Amino acid sequence: MRISRRTAAATAVLITSALALSACGASGDSGGSDSASGKVEGKVTFQTWNLKANFKDYFEGVIADFEKKYPDAEVTWVDQPAEGYPEKLSADAAGGTLPDVVNVSPDLLYPLAKAGIALDLEKAAGKYRGEYLDGAWKSHAMPGMKGVYAFPWYLNTGPMFYNKDLFRQAGLDPRKPPTTYDQLFEDAVSMAKKSDRRIAMLASTPSIEDFGRYGVRLMNASGTEFTFNEPKGVELVQHYKELYAAGALDSQALTAQAESAGRKFQQQSVAMNPGSAHDLENFKKEAPGLYKNIGITDAVNNTGKANMYVQGLMVNAQSEVKPAAVAFAHFVTDKKNQMAFAKEVTIFPSTKGSLSDPYFTKEDGTDATRVRVASAASLKDAVNYTPVLLSDQMKTVLRNAVAKAVQGDKSPKAALDDAVADCNRLLAAG
């Protein structure tokens with residue numbers, strides 16, 4: 001199983017149900033306080049998201065260790081399938097049957113926090129904050145709300161692959177891939193000219209993550225409106241329009257999906273593309289000519305911070321065993337257990353110091369370590385650029401607007417103004 005940030009197609013269902021609970025007064029305030037002080041005892045129900053099939057032994061070991069440390073506590077593990085997970089959370093939240101500790105991504109956490117169902121860990125467990133990477137801890141802060149509502153758990157990110165041979169052919173130094181957007185734009189135009197428009201640097205238009213890495217303010221401080229149409233956002237789209245006109249952006253980029261962009265890179269008609277260790281293994285088998293020329297670098301950004309995908313463990317504010325639930329959520333996400341999990345699957349710990357372990361810093365010549373070392377280095381101060389309130393429908397709105405601007409059907413400003421207006425309407429509709 002590939003573990004990364006999984007898009008929740010039915011998040012709107014969860015938002016509707018959870019906010020309805022809030023409106024009816026069924027928030028966490030109705031059952032006890034935010035305090036997690038007290039004896040660690042009682043029965044804790046722990047829910048994960050599609051992990052039991054591959055990691056049964058690992059989790060049973062963690063639970064056994066916890067119960068040994070706290071003999072008066074007992075943990076029951078429930079694992080839900082990936083399909084229908086948002087709806088399951090919604091139904092449990094509405095019925096008051098949500099488990100004590102729940103695996104969530106930030107987008108699924110938001111409506112639960114808004115409804116008062118997620119415990120504020122800044123209040124209840126703030127003493128643990130220093131154990132986690134700052135960006136990971138903040139990834140579970142919710143727009144327009146004070147506090148943090150889940151312990152950060154495992155992280156992921158993707159390196160950028162580039163074709164050293166295509167860089168050489170374009171007169172670019174393969175030892176110095178672009179690290180800022182200005183360098184990217186300059187190198188991309190140079191490559192297109194040198195190759196007579198046969199080689200494009202990129203095969204996709206900017207996503208919301210690119211806007212974030214470019215330095216665009218994506219939402220206002222209160223989290224009530226999108227703002228990616230500010231001048232810097234318009235500037236980014238204008239650059240992509242110029243790349244497209246120069247042949248530096250693949251001609252199919254306006255309609256390309258991630259898979260088709262990957263094929264273009266494998267066919268060596270595109271010089272840069274994001275990927276993973278799995279992709280690198282495929283290149284070795286299916287495109288040995290590309291594989292021998294593969295370079296690995298961080299994704300380009302103007303902020304100095306890579307993008308982070310993150311999963312978390314939320315504590316139910318209505319739990320009758322809060323001290324035990326908080327203790328268990330912290331136990332699962334502590335340095336020792338996160339490190340052990342990272343050796344079971346390609347994920348990265350959110351705990352401070354873990355990414356400096358030799359496991360994440362030393363290569364052994366294998367594809368897995370090449371990507372692992374590159375990714376781990378970028379995660380130490382990474383942030384989650386994707387707003388938790390940006391739905392799949394809003395992403396489509398943005399993608400279509402960028403396509404219209406890049407091909408000249410609308411000005412970049414008009415296209416982004418329209419996209420922001422549409423996204424804000426969707427946001428207000430809930």
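Contact in these legends means heavy atoms within 4.5 Å. The model is predicted, so local features need pLDDT of at least 70 and side-chain atom pairs count only at pLDDT 80 or more, while totals for chains, interfaces and linings use all residues. Residues are numbered from 1 along each chain as its sequence is written, and side-chain values use heavy atoms, with hydrogens and water left out.

**View 1. Phe211 and the largest nonpolar core.** Leaving aside neighbours within four places in sequence, Phe211 is in contact with Pro206, Val216, Leu218, Phe228, Gly233, Leu236, Val237, Leu398, Val402 and Leu416. The largest nonpolar core has 72 residues, and Phe211 is one of those that touch the most other members, along with Met191, Met201, Phe226, Phe228, Tyr240 and Met314. A nonpolar core is a set of buried Ala, Val, Leu, Ile, Met, Phe, Trp, Tyr and Cys residues joined through side-chain atoms within 4.5 Å. Buried means under 20% relative accessible area, exposed over 50%, and partly exposed in between (1.4 Å probe, protein chains only). With eight residues, helix 18 (residues 392-406) gives the most to this core. Helices are DSSP runs (H or I, at least four residues), numbered from the N terminus. A second, separate core of 55 residues includes Val40, Leu133, Ala136 and Val332.

**View 2. Helix 2 against helix 15.** Helix 2 (residues 52-69) and helix 15 (residues 335-342) pack with their axes 11 Å apart, at an angle of about 170°. Axes are lines fitted to C-alpha atoms over the stretch in contact, and angles run from 0 to 180 degrees between N-to-C directions. The two helices are therefore roughly antiparallel to each other (angles over 145 degrees). Phe55, Tyr58, Phe59 and Val62 of helix 2 meet Asn337, Gln338, Ala340 and Phe341 of helix 15.

**View 3. The two sides of helix 12.** Ala277, Leu280 and Phe283 are buried in helix 12 (residues 277-286). These residues cover an arc of only 115° around the axis, which puts them on the same side of helix 12; the arc is that of the directions from the helix axis to the C-beta atoms. His278, Lys285 and Glu286, on the other side of helix 12, are exposed.

**View 4. Asp250 in a loop.** Asp250 lies between helix 10 (231-246) and helix 11 (258-266). Asp250 counts as buried, at 9% relative accessibility. Apart from neighbours within four places in sequence, the contacts of Asp250 are Ala200, Leu202, Ala203, Tyr244, Lys264 and Val270.

Notes:
Parallel < 35°, antiparallel > 145°, perpendicular 65-115°, else oblique.
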